[in-house]
Amino acid sequence: MSIVHLSFANYNWQKTDSDIALLKDDAILWKFNFGAKYPKPYFYPLRTLEGAEILAEAPSDHIWHNGLFFQWKYIDLVDDKNQISRSNFWEIGEKHKGRTKTSLKSAKLNEDFSTTIILDINYYTESKPDDIMLAEIRTISVSPPDKNGIYRIDWQMDFTSKKNLTLERHPTQNEKGGRRWGGYAGLAVRANPLMRNFEFIDINGNTSKAYPEAPEFEAEFGKMYQKPAGAVALNGTVEDKKCAVALFSHKDNPKDADTVYYIPKVLNGDLNYLFLSYAYLLNSPKSMKANESLRLNYRIIVSPAPFTKNSLNAEFEKYQSE
């Protein structure tokens, strides 16, 4: 394994064959994991300058929730006899046959501590590793922290289908065989279970806090679930340090790319289940013909201060104008 260090002032780059990290005062500020030893490309840790850890990595209740990540749920192929072959890319385990292979195309570590990382990602079934069903070029750009301690991650995905396929998800509660939690797949944040004083807020000013049981949980869940929002955030504190993470959907994204899926749930007195996502498939599955392309663009912002309706709108307008 090769390790590259580039440093200036109190920041320091660290790059290995499997991950890239920005260090502040020799502690990781953020790390992007992409090597073969990782189940998928994802960010973890993701911290404020004050050291508040925003994310959870592989919590015991859902070990496939890896920090800040993107993943499809199912990819369905239909053969000449209209038989559906389904591959699960979300969960981890022997019975889930969807696999991805990630290759680093390039990584530019700049002197101002911004970076652009480009990955090739191929989607295939475990039994047919050379038979690619979907190809992706993922471009991750991270800004240096600004004077307010805010940094921004731009996340662009360019997909090309190699076969006729359908991007699918578990049915939602109003569909046959559906569940209340159905519909997930897309860009996702699994937050630190030790986060306290948490609140979800969207660009329209809707807010939601976590409740442990119905009917309170159901009432909270319905405030933003399955509704479009150009920006949505999770505010909280970790070890009494304020922190926030916000997701932004680009105006050029296809319909449904800004559909919010989230879970505000208290598991017990010490641990919380806080999940925030843009679920492109929540309203409906999406079909792609062979050689069809799909582009999705998002921005993620890490902040040491909570987001408000006004600050979400200001950052949203900035993102759309760049």
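Author: Gladly; we will go through the strands, a sheet and some backbone angles.

Author: This is a predicted model, in which local features need pLDDT of at least 70 and side-chain atom pairs count only at pLDDT 80 or more, while totals for chains, interfaces and linings use all residues. Residues are numbered from 1 along each chain as its sequence is written, and side-chain values use heavy atoms, with hydrogens and water left out.

Reader: How do strands hold on to each other in a sheet?

Author: Strands of a sheet pair through backbone hydrogen bonds, either parallel or antiparallel. Strands here are DSSP runs (E, at least two residues; helices are H or I, at least four), numbered from the N terminus. Two of them pair if DSSP finds at least two bridges between them.

Reader: Which strands form the open sheet, and in what order?

Author: The order is β8-β7-β13-β21, four strands with antiparallel pairing. β8 (84-88) and β21 (286-288) are the edges: each has a single partner strand, so one side of each lacks a neighbour in the sheet. From one strand to the next, the twist averages 25° (axes are lines fitted to C-alpha atoms, for helices over the stretch in contact, and angles run from 0 to 180 degrees between N-to-C directions).

Reader: Where can I see the pairing residue by residue?

Author: Start with β7 (residues 74-78), which pairs with β8 over five bridges; Y74 stands opposite N88 there. Five residues lie between these strands in their hairpin, and N82 takes a positive phi near 60°.

Reader: Is β19 covered or open to solvent, and what is its partner strand?

Author: β19 (residues 260-266) is mostly covered, with five of its seven residues buried. Buried means under 20% relative accessible area, exposed over 50%, and partly exposed in between (1.4 Å probe, protein chains only). Seven bridges join β19 to the antiparallel β20 (residues 272-279), and V266 faces N272 across that pair.

Reader: Which residues does a cis peptide bond join?

Author: Y44 and P45, with omega about 0°; P45 is in strand β5 (residues 42-46).
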